[in-house]
Amino acid sequence: MEIKFIADNNVGKLAKWLRVVGYDTLLFKEKDDVKMIEIAFSEGRAILTKDAQIIKRRLVTDGKLKAILIRHDDPKAQLRETVKTLNLNYHFRPFSLCLECNQMLIPRSKEEVQDLVPTHVFKTQEQYMECPSCHRIYWQGTHWQAMARELRELAQRH
Ligand SMILES: [Zn+2]
């Protein structure tokens, strides 16, 4: 079974990076720890948090719930920490999830996105993906390439 996460709001940028790599990661934006733990438990998600109190919860100490205490402040260091702790893969399923909604992206043909992307993008890019939730269109432009390069660098240092 693939590992899924719920990220506490104190590690929001880590959630985004995990989505870049392709790991299903909910971002919990509320303050109510009990609710976050309930969601984690019912959906089988591992908790990522900087809050040491959560790690001490009974469900976690009993081993019924996985929770990872994140120590670093820098999001990329946090990603490295998470990958290392859980033996994850930097090349798991890159750019398959919407970075905003955590939804699985759907491939779209060039024709389908013609009116939805800037002309210079349409002229240079062949492959497109769409988020079924927010309808954001993704393509492998410079931003995407920069993130891919950062992942490669992280993987090499690993
Ligand atoms: Zn989306």
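Helices here are DSSP runs of at least four residues, numbered from the N terminus. In this predicted model, one such run is helix H5, which spans residues 75-86 and includes leucine 86. Leucine 86 has a relative accessible area of 19%, and because the cut-off for buried is under 20%, this residue counts as buried. Leaving aside residues up to four places away in sequence, leucine 86 touches Ile3, Phe5, Lys66 and Ile68. Take Ile68 from that set: 18 residues separate leucine 86 and isoleucine 68 along the chain, and their C-alpha atoms are 9.0 Å apart.

Phe5 is touched by leucine 86 and has a bridge partner in strand E2, namely threonine 25. The sheet itself is open and has four strands, ordered E2-E1-E3-E4 with parallel pairing. Its edges are taken by strand E2 (25-27) and strand E4 (67-69); each has a single partner strand, so one side of each goes without a neighbour in the sheet. From one strand to the next, the twist averages 25°. As for the E1 and E2 pair, strand E1 covers residues 4-7 and is joined to E2 by three bridges, with the two running parallel.

Helices pack on this sheet too. Helix H1 (residues 12-21) touches E1, E2 and strand E3 (45-49), and its direction makes about 155° with that of E2. Helix H2 (residues 33-43) also packs on the sheet and touches E1, E2 and E3, its direction making about 150° with that of E3.

Next come the aromatic rings. Searching the whole structure turns up four aromatic pairs. In one of them, phenylalanine 5 and tyrosine 23 have ring centres 6.2 Å apart and planes at 80°, so the pair is edge-to-face.

Lysine 110 lies over the face of phenylalanine 122, 4.9 Å from the ring centre.

There is a second open sheet to describe, made of three strands in the order E5-E6-E7, and here the pairing is antiparallel. Strand E5 (106-108) and strand E7 (137-139) are at the edges; each has a single partner strand, so one side of each lacks a neighbour in the sheet. The twist averages 40° from one strand to the next. E5 pairs with strand E6 (residues 128-130) over three bridges in the antiparallel sense. Within this sheet, arginine 108 stands opposite tyrosine 128 in E6.

Finally, the cysteines. A search of the whole structure finds zero disulfides. Cysteine 131 is buried, at 0% relative accessibility, whereas cysteine 134, at 34%, counts as partly exposed.

Key
Residues numbered from 1 in each chain as written. Predicted model: local features only at pLDDT ≥ 70, side-chain atom pairs only at ≥ 80, totals over all residues. Heavy atoms only, no water. Pairing = 2+ DSSP bridges. Axes fitted to C-alpha atoms, helices over the stretch in contact; angles between N-to-C directions. Contact = heavy atoms within 4.5 Å. Phe/Tyr/Trp six-rings, centres within 6.5 Å; stacked < 30°, edge-to-face > 60°. Lys NZ or Arg CZ within 6 Å of the ring centre and 35° of its normal. Buried < 20%, exposed > 50% of the residue type's maximum accessible area, 1.4 Å probe, protein only. Disulfide = S-S within 2.5 Å.
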